[in-house]
Amino acid sequence: MITQNGLYDKLLQFTKNRGFTFNDEECNMVRSLTRHKKIKAHSILMEQGKPVQKFYFLNSGIVRLFRLHNGVDYTLGIVSTNDFVSTLLYLANGLPSSCALETLTETELLEWGKEEVTAIKSQLNRAQDLEMAIMDRLLSWLQDHQIDAVCLTAEERYQKLMEQQPEVIRTIPLKYIASYLGIHQDSLSRIRKVVSRKPSI
């Protein structure tokens, strides 16, 4: 079975939540093509302006997607476990990435290179389902992020982050949260004070 010391349980849960599973032979094939890694905090997993070399599933830890533009560091997304990071599209086409990925905490990852991804796609019966699930997850994230940026206030976006990813609020420096929300760190401090005074329901 693919489940070895729990390393693949979250990946299998990801597929199960999306309505498909793999048999033992397929699971073992995926395992044979997968690397398990532990990465230190503040390591770069994907570099802006360079071709994407690896694709990851985040078992534990926190990773941020960011872009440097005119000397300013913009945090575009924060992933906190149980999800894919990097992008199959850039990995496949060899184009330079428009963004970068950085670990904000120590992370535990499942890793595949282009060769491994190609092998999985050619050998796995449900490979298209998996690829579509990954792309659907990415498109849903992009849509939600765009809607939130237009329709929600900074305070509402902070509260949503607090509800959906409390480990991010507890763990990472405020400068990354402020950047993600698109506000100054002083504004975030004021929002945190307002939110902390609100009664719990």
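## Aromatic pairs and clusters

Rings of Phe, Tyr and Trp (its six-membered ring) form a pair if their centres lie within 6.5 Å; planes under 30 degrees apart count as stacked, over 60 as edge-to-face and the rest as tilted. In the structure shown above, a predicted model, local features need pLDDT of at least 70, side-chain atom pairs count only at pLDDT 80 or more, and totals for chains, interfaces and linings use all residues. Residues are numbered from 1 along each chain as its sequence is written, and side-chain values use heavy atoms, with hydrogens and water left out.

One aromatic cluster is formed by Phe 14, Phe 55, Phe 57, Phe 84 and Trp 112.

The structure contains seven aromatic pairs. In one of them, the ring centres of Phe 14 and Phe 57 are 6.1 Å apart and the planes stand at 80°, so the pair is edge-to-face. Phe 14 is buried (under 20% relative accessible area, where exposed is over 50% and partly exposed is in between, with a 1.4 Å probe and protein chains only), at 4%. Phe 57 is also buried, at 0%.

Phe 20 and Phe 22 form another edge-to-face pair, with 5.8 Å from centre to centre and 70° between the planes. Phe 20 is buried at 5% relative accessible area, and Phe 22 is buried at 15%.

## The cavity

A search of the whole structure finds one cavity of 30 Å³ or more. On a 1 Å grid over the protein atoms alone, a cavity is a set of points where a 1.4 Å probe fits but cannot get out, and its lining residues have an atom within 4 Å of a point. The largest cavity holds about 220 Å³ of space, a volume being the space filled by probe spheres set on the points.

Its lining has 18 residues, and Phe 55, Phe 84, Ile 120, Leu 130 and Ile 134 are the closest to the centre. Helices α1 (9-17), α4 (114-123) and α5 each give two or more residues to this lining, and the largest share, four residues, comes from α5.

## Helix α6

The buried residues of helix α6 (residues 154-164) are Ala 154, Arg 157, Tyr 158 and Leu 161. Seen down the axis of α6, these residues fall within an arc of 100° (taken from the directions from the helix axis to the C-beta atoms), so they line one face of the helix.

Technical notes: 1 Å grid on protein atoms, 1.4 Å probe; cavity = no way out; pocket = protein on both sides within 12 Å on 5 of 7 lines; lining within 4 Å.
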